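User: I would like to learn how to read the features of a protein model. Please take me through them one by one.

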Amino acid sequence: MPIGLDAAGVPRNNHKRYMRLLLGGVLLLFALSLCIRIASRGFQSPADVFKSLWLWADIHISRLTHGGAWLNRSALMAERGVGYYEAYGRLLISGVTFVCGMLLALAGSIFQSVFRNPMAAPSMLGVGTGIQAGLIVMALTYGEATLYMPLEKYTYCYAFALTMLALVMGVAKLSSGKRKFSVFDLLIVAAIVSQIIGGVTSYFVYGMDNSFALVLQNLSNVLNVNTEPVSIAMLAAVTALTVIPFFLMRFSFNAVCFDSDESNSMGLNTRVVKFISLVLGSLMMTAGMVHCGAVGMVSLIVPFISRGLFGAESRGLFWGNLLIGGLVLLLCRDIAFFVPFSVDGMPIGTVVDLVTLPVFVAVITGRRRTWE
Amino acid sequence: MKLEIRNAACGYGKVKVLENISFGVSTGEICCLLGPNGVGKTTLFKTLLKLLPPLAGEVRIDGQNIARWTARKLARYTAYVSQFHVPPFPYIVEDVVLLGRLNSVGYFGQPKQHDYDIRDKALADMGIEHLRRRVYTDISGGERQLVMIARALAQEPQMLVLDEPTASLDYGNMVRVISQVKALTTKGYGVIMTTHSPDQTFMTDAKVVLLMKNAPAICGGAADVVTKKNLKDAYGVDVNVVEFADANGRIARVCAPTL
């Protein structure tokens, strides 16, 4: 029996129960994730993690008032030992991973709705190619110094991803001429432009000498989540910039799933909704890829699970995607850390692919296909 | 409310599909647009709904030209149900109907209790309350059509514009949909619909606009417009219009093609 349906195929209204279960699961996994050691394989006790994080909060609060915890911070931190740094590090890693999972799942849901296709992926408009082009331009411009310029790295990644999106939209608009601009024009143009830009970037990568290639490889090294302050600040800004508008538009966003003439006759300009959705979705996808690595599969698979639990209506899907997206990526991150593949564990992208594979199999072999 | 189209030419860009179209529909009336495939019924609909600009003439609602109206203002008067409306995702019926409130709720709003009440009334008006928790993509074509009309009613319009509401429905579903559409006029709604079945103009006692290729449109009552000669001119086939007394003793008419 598919999730959320009774024997007659009528959806059970179990949304609140699912939401409570998900919240519980998120809290449990987050707590577990905080306990994972960084310096060695294994776990800290939850009590130690709590004390370390409490100390961290105390130090930062007393910093504002020049209180005792701030003045004696070195001694206090030394007293807690390496566990303090591990707990703080895990807080950042888990937080960034969870937020990236949320953004990727929302991006996937947006693209699948706008393209009215459950297999649509947010990378379809070429943001991945844009990010790669940004890294190459930066490596060619700054050489080895690139590795020590995190702010510029993110600026280049976001700028090139958004430029790519603008280029695809602009060319698609021009190519459609006076015809009605359709999302299918957009897809074809995105495929062509991505191929061209991808070809040019491949040419540069092929012609790079070894030192440049090494810089690029280090830049693209996405085994570990980025927790530099500038990364956290940028991720927070992009999250606020994308999630808040999407939260506010979560009801009107349903209009993009229906016939555009019909939606327009309901008094909404679906072109505006689609344009906003594609820009928000591309930004979310860029953030996920830039701050967390090649984990795009989350954007494809989480909306399936979310629809199975909460139905197709965007308001329920919004919360479902947030929680399930964060949960899945955090789970994959923790699994990746424990697989003895290398010093840093397994690439998270590989774990994501393996973890999401059963869901794909369930979707393909499932009796009921409409909940896709 | 009265919706009028005056001396309008409709089409895409510079290509005129229809010319010199004039007719009016008031609330409480049904107007059927008849005509062969490709004659421009959907183009006329899109012009009425301001999805296409008229190439000549004007569309008026209560005497006001709608050319400068916003989509939001127009949506308070008219609601459109298209021919093809299978969403790619399994929406629940009550959620589909609630989308009729998009116009009132706006881009950044969320539905309130008032909107849910209107949705419930629309479901009740169409007699589909039992379907409310069903998955829209799982129900039959006729039920989907009723759901979409309920969605249009939730918009609280005065005029419904239905593009072939009985297309690809079986006979039973066709009769159910047409009887619900007819019932809407008694509740004060006006209906403009396209159809490929001239019989439906008799069933609904409608005003008829018969569109023809290379000939001016003919407007009038069903009995006056849907005649053997006009059907021959419009469709190029021989169709007899047969009169008989129904179970209530009233004169009824059906079309009987000669094969």
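**Reading the model, feature by feature**

Analyst: Start with a loop residue: Gly28(B) sits in the loop between β2 (15-26) and β3 of chain B. Keep in mind throughout that this is a predicted model.

User: Is Gly28(B) buried, exposed or partly exposed?

Analyst: The class follows from relative accessible area: under 20% is buried, over 50% is exposed, and what falls in between is partly exposed. Gly28(B) has 38%, so it is partly exposed.

User: Which residues does Gly28(B) touch, not counting residues up to four places away in sequence?

Analyst: They are Thr185(B), Gly188(B), Tyr189(B) and Gly190(B).

User: Now strands. Which strands are joined to β9(B), and in what direction do they run?

Analyst: For a strand, look at its partners, the direction of each pairing and the number of bridges. Strand β3 (residues 30-34) of chain B runs parallel to β9(B), with four bridges. Strand β10 (residues 215-221) of chain B runs antiparallel to β9(B), with five bridges. On the β10 side, Leu210(B) stands opposite Ile218(B).

User: How many residues of β9(B) are buried?

Analyst: Five of the six residues in strand β9 (residues 207-212) of chain B are buried, which leaves the strand mostly covered.

User: What lies between the strands in the hairpin of β9(B) and β10(B)?

Analyst: Two residues separate these strands, and in this hairpin Asn214(B) takes a positive phi near 60°.

User: How do I read a salt bridge?

Analyst: Glu58(B) and Arg6(B) form a salt bridge in which the closest N and O atoms are 3.8 Å apart. Glu58(B) belongs to strand β4 (residues 56-61) of chain B and Arg6(B) to strand β1 (residues 2-12) of chain B, so the pair ties together parts 52 residues apart in sequence. Glu58(B) counts as buried at 18% relative accessibility, while Arg6(B), at 34%, counts as partly exposed.

User: How far apart are the closest N and O atoms of Arg101(B) and Asp115(B)?

Analyst: They are 2.9 Å apart, in a salt bridge. Arg101(B) is in the loop between α3 (93-98) and α4 (102-105) of chain B and Asp115(B) in helix α5 (residues 113-125) of chain B, so this pair ties together parts 14 residues apart in sequence. Arg101(B) is buried, with a relative accessible area of 2%, and Asp115(B) also counts as buried, at 6%. Salt bridges can share partners as well: Glu94(B), Arg119(B), Asp120(B), Arg132(B) and Arg133(B) are joined in this way into one network.

User: How many salt bridges are found over all chains?

Analyst: The search of the whole structure finds 23. Two of the salt bridges found cross the interface of chain A and chain B. The side chains of Arg151(B) and Glu262(A) meet in a salt bridge of 3.3 Å, N to O.

User: How is the size of an interface given?

Analyst: It is often given as the accessible area lost when the parts come together. Here about 3,400 Å² is buried between chain A and chain B, with 64% given by carbon and sulfur atoms. Phe251(A), Phe258(A) and Met266(A) supply 22% of the area that chain A buries against chain B, more than any other three residues. The contact takes 39 residues from chain A and 41 residues from chain B.

User: Which residues form the nonpolar patch on the surface?

Analyst: Leu140(A), Ile188(A), Ile192(A), Ile196(A), Val200(A), Tyr203(A) and Phe204(A) form it, with about 710 Å² of accessible area together. Helix α8 (residues 183-207) of chain A gives the largest share, six residues. Ile188(A) is found in this helix and is exposed, with a relative accessible area of 52%.

Note on methods: Residues numbered from 1 in each chain as written. Chains lettered and ligands numbered in written order. Predicted model: local features only at pLDDT ≥ 70, side-chain atom pairs only at ≥ 80, totals over all residues. Heavy atoms only, no water. Patch = residues over 30% accessible without salt bridge, like charges linked within 9 Å, V, L, I, M, F, W, Y side chains within 5 Å. Areas by Shrake-Rupley, 256 points an atom, 1.4 Å probe, with all protein chains shown as cover. Salt bridge = Lys/Arg side-chain N within 4 Å of Asp/Glu carboxyl O. Buried < 20%, exposed > 50% of the residue type's maximum accessible area, 1.4 Å probe, protein only. Pairing = 2+ DSSP bridges. Contact = heavy atoms within 4.5 Å. Buried area = accessible area lost by both parts, 1.4 Å probe.
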